[in-house]
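Please look over the model below before reading my notes.

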Amino acid sequence: MDTLFRSPLFGIMLSILAYGLGVLINRKTRCAAANPLLIAILLVIGVLVAFRIPLESYQRGGDFIALFLAPATASLAVSIYRQLPLLKKNLLPVLAGCGTGSLASMGSVWLLCRLFRLDEALTASLLPKSVTTPIAIEIASQYGGIPSITVAIVVLTGILGAAAAPALIRLFRIRNPVEAGLAIGTCSHAVGTSKALELGEAEGAMSSIAIGVSGLLTVLFAMIIG
C-alpha cells in the first residue's frame, strides 16, 4: 500500500475520481452549494485522513494536475475570441467594471485586515483573493505572503462566487450578459467562469475577459497598496 500511495498515479486518480463524484452529485441535487470542486476537496481530505495518508504522498500526483492550471486558464481565450466584437463594443464598460470590482475586492480585504490587526504576511496572502491562482500566487509571494493561504482563499472565493452568482443575478435582475459575465469573472475568477459558461456563451466570454483584465489591474493596484 505504501508503494501505491507514493506513486503519482494515486494523487491523480484520487483527484479525478473525487471531482467526477462531485460533478455527479451536483447534477443529481441541482444544488448551488453542491459545488463539484468543494465536494472534491472534502472527499480528498476525507480519504487522506481516514487512511492516514501523508499529504506529501498525494501531492506527488497533485503537482502534475497543477501543471495544467495555467494552460486551462489560457484556454479561456477561445471564448474571448468568439466574442471579440462584443468586447470591442463594450471596451470602456469592461475596463470600468473590472477596475471597480478589483478595487472593491482589494480595498475591502485591506480594510478588514487592518480592522482585525492581521500582520503583513496574512494581508499580502489575502489581497489577491479574487484573481486566478497563478496570478494570485505571484502577487502574494512578491509582497511576502504565504502561497498556501493564498491558494486556499482563492479556491474558497471561487467556490462561493460560483455558488452565489445565479441567485445574485436573479436577485438584482441582471439581464445584460455582459454585466453578468464581468461581475462573475471579476469576483470569482476561473471557478466562477465555469458557472458563467453554464449561463451562456456571452456570459462565459465576458467572465473570461474579466479574469485577464482584473488580474492585470490587481497587479497594478498591489504595487500601490504594497
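**Notes on the model**

1. Arg-52 sits in the loop between α3 and α4. (Helices, H or I with at least four residues, and strands, E with at least two, are DSSP runs numbered from the N terminus.) Arg-52 has a positive phi of about 55 degrees, although it is not a glycine. Arg-52 is exposed, with a relative accessible area of 78%. Here buried means under 20% relative accessible area, exposed means over 50%, and partly exposed lies in between, with a 1.4 Å probe and protein chains only.

2. A word on the source: this is a predicted model, where local features need pLDDT of at least 70 and side-chain atom pairs count only at pLDDT 80 or more, while totals for chains, interfaces and linings use all residues. Residues are numbered from 1 along each chain as its sequence is written, and side-chain values use heavy atoms, with hydrogens and water left out.

3. Now helix α2, residues 8-29. How does its span compare with what its 22 residues should give? At 1.5 Å a residue the helix should span 32 Å, and its end C-alpha atoms are 32 Å apart, which agrees. The expected span is 1.5 Å times one less than the number of residues.

4. Which residues of α2 are buried? They are Phe-10, Gly-11, Leu-14, Ser-15, Ala-18 and Gly-22. Seen down the axis of α2, the buried residues fall within an arc of 125 degrees, so they line one face of the helix. The arc is that of the directions from the helix axis to the C-beta atoms. An α-helix has 3.6 residues a turn, so residues three or four places apart point the same way.

5. The face of α2 turned away from the buried side carries exposed residues: Leu-9, Leu-17, Arg-27 and Lys-28. On the buried side, the cover includes α1 (2-6), α3 (36-50) and α4 (55-66). Just after α2, Arg-30 takes a positive phi of about 55 degrees.

6. Gly-62 belongs to helix α4. Gly-62 counts as buried, at 11% relative accessibility.

7. Next, the empty space. Rolling a probe the size of a water molecule over the atoms shows where empty space is left. The largest pocket has a volume of about 2,000 Å³. Of the 45 residues that line this pocket, the closest to its centre are Tyr-19, Leu-37, Ile-41, Val-155 and Val-191. The elements giving two or more residues to the lining are α2, α3, α4, α5 (69-74), α11 (147-171) and α12. Helix α11 gives the most, with 8 residues.

8. How is a pocket found? On a 1 Å grid over the protein atoms alone, a cavity is a set of points where a 1.4 Å probe fits but cannot get out, and a pocket is an open set with protein on both sides within 12 Å along at least five of seven lines; lining residues have an atom within 4 Å of a point. Grid points are joined across faces, edges and corners, and a volume is the space filled by probe spheres set on the points.

9. Thr-157 is in helix α11. Is Thr-157 buried or exposed? Thr-157 is buried, with a relative accessible area of 12%. Leaving aside neighbours within four places in sequence, Thr-157 is in contact (heavy atoms within 4.5 Å) with Lys-129, Ser-130, Cys-187, Ser-188 and His-189.

10. His-189 itself lies in helix α12. His-189 has a positive phi of about 40 degrees, although it is not a glycine. His-189 is buried, with a relative accessible area of 3%.

11. Leu-199 is also placed in helix α12. At 38% relative accessibility, Leu-199 counts as partly exposed. Leu-199 touches Ile-169 and Ile-184, not counting residues up to four places away in sequence.

12. Last, the charged pairs. Side chains of opposite charge can pair when their charged atoms come close. How many salt bridges are there? The count comes to 2, taking a salt bridge as a side-chain nitrogen of Lys or Arg within 4 Å of a carboxyl oxygen of Asp or Glu. Glu-120 pairs with Arg-114, with the closest N and O atoms 3.3 Å apart. Glu-120 is exposed at 52%, and Arg-114 is partly exposed at 34%. Lys-195 and Glu-198 form a salt bridge at 3.1 Å, N to O. Lys-195 and Glu-198 are 3 residues apart in helix α12 (residues 177-199), about one helical turn.
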